[in-house]
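Hello,

Here is the structure I promised to pass on.

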Amino acid sequence: MHGVIISNLQKYVVEKLGEPAWDGLREKAGLLGKAFIPISMYPDSDLDALIAAAVETTGQDREAILQDFGAWVIPPLMKMYRSFIPEDWDAATFLENVEERIHERVVRMKDDAARPPHINVTQVSPGILEVEYQSHRDMGALALGCVYGVADFYGEKATLIEQKKGPGTHRTYSVRLSAGTGIRRRQEAV
Ligand code: HEM
């Protein structure tokens with residue numbers, strides 16, 4: 001797993017629970033003292049162990065933590081990769097292009113070891129998106145959180161209409177995008 005994700009998980013935990021909580025999670029995960037930097041790759045088991053430790057510490061379920069982190073991580077990712085994201089995109093356009101323009105062109109092509117999920121997004125009718133998640137990992141809830149984060153980033157609101165499971169870790173989420181606060185966080189983040 002790319003260090004950009006784990007180092008943001010660290011920032012998320014510190015922001016939500018404070019610095020000592022991060023040390024606590026690393027200890028529980030058997031990773032005490034291990035540093036995570038954005039330009040390195042780490043075993044997937046590190047992220048899995050940190051999430052399991054977060055479940056144990058907070059009592060929240062894994063899906064809820066992944067979803068909340070997914071929404072949280074979008075603004076910092078948008079900021080880091082802003083030069084690859086056209087100014088005139090909205091939430092639907094971003095999501096429809098995330099597979100080819102971000103996960104493929106920016107992540108897979110630049111880093112051979114990265115294995116981001118396949119996120120295929122289709123606008124099935126105006127404002128209704130079908131978001132398909134396929135990965136060797138089991139982090140569909142993180143993808144759903146990212147969808148919420150992208151909508152919020154563009155001042156829109158995503159509402160889950162339906163989710164389908166399988167096969168394996170494959171998930172399909174149907175979401176409705178609608179006008180939200182109207183405040184585009186893009187301006188704040190860049
Ligand atoms: C600027 C936007 C984004 C950037 C720069 C980005 C980048 C990345 C990177 C670097 C990874 C780690 C891959 C690896 O180490 O194998 C990753 C994983 C992931 N991304 Fe994205 N991503 C973005 C947006 C999104 C969106 C919009 C979604 C979902 C709709 C999404 C879903 C995921 C998920 C679920 C993972 C976890 C790994 C897995 O399940 O296999 N990402 N992303």
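Predicted model: local features only at pLDDT ≥ 70, side-chain atom pairs only at ≥ 80, totals over all residues.

Residues are numbered from 1 along each chain as its sequence is written.

The chain has seven helices and four strands, taken as DSSP runs numbered from the N terminus (helices are H or I, at least four residues; strands are E, at least two). In sequence order they follow α-α-α-α-α-β-β-α-β-β-α. The radius of gyration is 16 Å, close to the 16 Å from the globule rule for 190 residues, so the chain is as compact as a globular protein of that length. That radius is taken over C-alpha atoms, and the rule is 2.2 Å times the number of residues to the power 0.38. Along the principal axes, the C-alpha atoms fill a box of roughly 50 × 35 × 35 Å.

Now the ligand: 25 residues surround it, the closest being His-2, Pro-117, Ser-135, Met-139 and Cys-146 (near means a C-beta atom, placed from the backbone, within 6 Å). Helices H1 (3-17), H4 (62-80), H5 (91-108) and H6 (140-153) each supply at least two residues of this shell, and H6 gives the most, with five. The shell has 20 nonpolar, three polar and two charged residues; Ala, Val, Leu, Ile, Met, Phe, Trp, Tyr, Cys and Pro count as nonpolar, Asp, Glu, Lys and Arg as charged, and the others, Gly among them, as polar.

Best wishes
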